[in-house]
Amino acid sequence: MKALYILVPLFALLIGALWFAASMWEGLVGDVPLYGWFAIGGGVLFSLALGGGLMTLMFYSERHGYDDNADGRSH
């Protein structure tokens, strides 16, 4: 029951944010040409690839001991 008190307002905020974004997109941008959609898609894919690559490097670094303290003590 406690989770319901958290999830319902969060989903309401998500729906409100998506509605606001869609209405602003439609009002400000209007008709996007084909090359614009390719630019948006390329930017999204580049951002996802960069984020995934950085997360991969973070997990690799942590699992191979590159994040350990020099004196051997744990965090």
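Tryptophan 37 comes out as partly exposed, because its relative accessibility is 46% (buried means under 20% relative accessible area, exposed over 50%, and partly exposed in between, with a 1.4 Å probe and protein chains only). The model here is a predicted one, where local features need pLDDT of at least 70 and side-chain atom pairs count only at pLDDT 80 or more, while totals for chains, interfaces and linings use all residues. Residues are numbered from 1 along each chain as its sequence is written, and side-chain values use heavy atoms, with hydrogens and water left out.

So what does tryptophan 37 pair up with? The structure holds 2 aromatic pairs (rings of Phe, Tyr and Trp, the last by its six-membered ring, pair if their centres lie within 6.5 Å; planes under 30 degrees apart count as stacked, over 60 as edge-to-face and the rest as tilted). Not counting residues up to four places away in sequence, tryptophan 25 touches Gly30, Val32, Trp37 and Ile40 (contact means heavy atoms within 4.5 Å).

Tyrosine 60 and tyrosine 66 also form an aromatic pair, again tilted, at 6.3 Å centre to centre and 35 degrees between the planes. Tyrosine 60 counts as partly exposed because its relative accessibility is 44%, and tyrosine 66 counts as exposed because its value is 58%. Leaving aside neighbours within four places in sequence, serine 61 is in contact with Tyr66 and Asp67.

Now for the helices themselves. H1 has 27 residues and reaches 39 Å from its first C-alpha to its last, close to the 39 Å expected at 1.5 Å a residue (the expected span is 1.5 Å times one less than the number of residues). H2, covering residues 34-63, has 30 residues and spans 43 Å between its first and last C-alpha, close to an expected 44 Å. After H1 comes glycine 30, with a positive phi near 75 degrees. Just after H2, glycine 65 takes a positive phi as well, about 85 degrees.

The loop between H1 and H2 holds valine 29, which is partly exposed because its relative accessible area is 40%. Its C-alpha atom is separated by 26 Å from that of phenylalanine 11, and the two residues are 18 apart along the chain.

Phenylalanine 11 also turns up in a nonpolar surface patch with about 1200 Å² of accessible area together, whose members include Met1, Leu4, Ile6, Leu10 and Leu18. Patches are made of residues with over 30% relative accessible area and no salt bridge, where like charges are joined within 9 Å and nonpolar side chains (Val, Leu, Ile, Met, Phe, Trp, Tyr) within 5 Å. Isoleucine 6 belongs to helix H1, residues 2-28, and counts as exposed because its relative accessibility is 54%.

Terms used:
Areas by Shrake-Rupley, 256 points an atom, 1.4 Å probe, with all protein chains shown as cover. Salt bridge = Lys/Arg side-chain N within 4 Å of Asp/Glu carboxyl O. Helix = DSSP H or I, 4+ residues; strand = E, 2+ residues; numbered from the N terminus.
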